[in-house]
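Colleague: I have a structure open and would like to go through it with you. Can you put it up?

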Amino acid sequence: MKPYTKTTGTISLSLVMITSMATSAVHAAEALIYKNPQCGCCENYADYLRANDYEVTVKPTHELPALSRDHGLSDEYQGCHLALIDGYFVSGHVPVTVIEKLLSERPDIDGITLPGMPLGSPGMGGSKSEPWKILAIDDGNPTVFVTQ
């Protein structure tokens, strides 16, 4: 067994700090959600994010479609609400596992969306009846980010 040295301790501490920073980069510290004022499922989605260690601020607005377009999301791909998380938009009831994939991979896109209000998605009631296509949006152009 090697004796403890100042250098060994510094290296160990550095590795712990790097590991800690990498782990915390997966979870966004803050999510700002824009939603229609009377929408209850958007509140359920905010609670879902909070339960998954996100700090969430909800801003009711009657300008959700315009805000979504301002972020590069055309009307046909808009979800129920618009969240801004760590430099990306996340539109609709996107599962946290997909958000974590987005934040860990950091692709060069504007954001992701799960259009509409699919049953069984986080914050929505009901049962999932088919796989969801979560789209990546880059300069208004959609591609499939993940099917879940």
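Predicted model: local features only at pLDDT ≥ 70, side-chain atom pairs only at ≥ 80, totals over all residues.

Colleague: Fine. How many helices and strands does the chain have?

Modeller: The chain has four helices and seven strands. Along the sequence they come in the pattern α-β-α-β-α-β-β-α-β-β-β.

Colleague: What share of the residues counts as buried?

Modeller: Of the 148 residues in the chain, 38% count as buried. The accessible surface is about 8,300 Å², and carbon and sulfur atoms hold 55% of that.

Colleague: And what part of the contacts is between residues 24 or more positions apart?

Modeller: Taking the contacts with a separation of 6 or more, 53% are between residues 24 or more positions apart.

Colleague: Let's take α2. How far does it reach from its first C-alpha to its last?

Modeller: Helix α2 covers residues 40-51, which is twelve residues, and reaches 17 Å. That is close to the 16 Å expected at 1.5 Å a residue.

Colleague: Which residues of α2 are buried?

Modeller: C41, C42, Y45, A46 and L49 are buried in α2. They cover an arc of only 150 degrees around the axis, so they sit on the same side of α2.

Colleague: Why do residues three or four places apart point the same way in a helix?

Modeller: Because an α-helix has 3.6 residues a turn.

Colleague: What follows α2?

Modeller: D53 follows α2, and its phi is positive, near 75 degrees. D53 is not a glycine. Its place is in the loop between α2 and β2.

Colleague: Is D53 buried or exposed?

Modeller: D53 has a relative accessible area of 60%, so it is exposed; the cut-off for exposed is over 50%.

Colleague: Where does D86 lie?

Modeller: D86 is in the loop between β3 and β4. D86 also has a positive phi, about 50 degrees, without being a glycine. With a relative accessible area of 42%, D86 is partly exposed.

Colleague: Now the inside. How many residues are in the largest nonpolar core?

Modeller: The largest nonpolar core has 24 residues. Those with the most contacts inside it are L49, Y54, I85, V90, V94, I99 and I112.

Colleague: Which elements give two or more residues to this core?

Modeller: Those are β1, α2, β3 (82-85), β4, α4 and β6 (133-138). The largest share of this core comes from α4, with five residues.

Colleague: What lies apart from it?

Modeller: Another core lies apart from it, with nine residues, among them Y34, L64, L67 and Y77.

Colleague: Changing topic: how do β6 and β7 run?

Modeller: They run antiparallel, and six bridges join β6 to β7 (residues 141-147). I134 has V146 in β7 as its bridge partner. The two strands form a hairpin with two residues between them, and D139 in the turn has a positive phi of about 50 degrees.

Colleague: A few single residues, then. Where is S68?

Modeller: S68 is in helix α3. S68 has a relative accessible area of 1%, so it is buried.

Colleague: What is S68 in contact with?

Modeller: L73, Q78 and L82, leaving aside neighbours within four places in sequence.

Colleague: And H71, where does it lie?

Modeller: H71 lies in the loop between α3 (64-70) and β3. Its relative accessible area is 31%, so H71 is partly exposed. Neighbours within four places in sequence aside, H71 is in contact with L82, L84, F89 and D110.

Colleague: How far apart are H71 and Y88 in space?

Modeller: They are 9.1 Å apart, C-alpha to C-alpha, and 17 residues apart in sequence.

Colleague: Last one: where is M117 found?

Modeller: M117 is in the loop between β5 (111-113) and β6. It counts as partly exposed because its relative accessibility is 44%.

Colleague: Which residues does M117 touch?

Modeller: Not counting residues up to four places away in sequence, M117 touches C41, C80 and M124. C41 is also one of the buried residues of α2. M117 and H93 are 7.0 Å apart in space, C-alpha to C-alpha, and 24 residues apart in sequence.

Key:
Residues numbered from 1 in each chain as written. Heavy atoms only, no water. Expected span 1.5 Å × (residues − 1). Buried < 20%, exposed > 50% of the residue type's maximum accessible area, 1.4 Å probe, protein only. Arc of directions from axis to C-beta. Core = buried A, V, L, I, M, F, W, Y, C linked by side-chain atoms within 4.5 Å. Pairing = 2+ DSSP bridges. Contact = heavy atoms within 4.5 Å. Areas by Shrake-Rupley, 256 points an atom, 1.4 Å probe, with all protein chains shown as cover.
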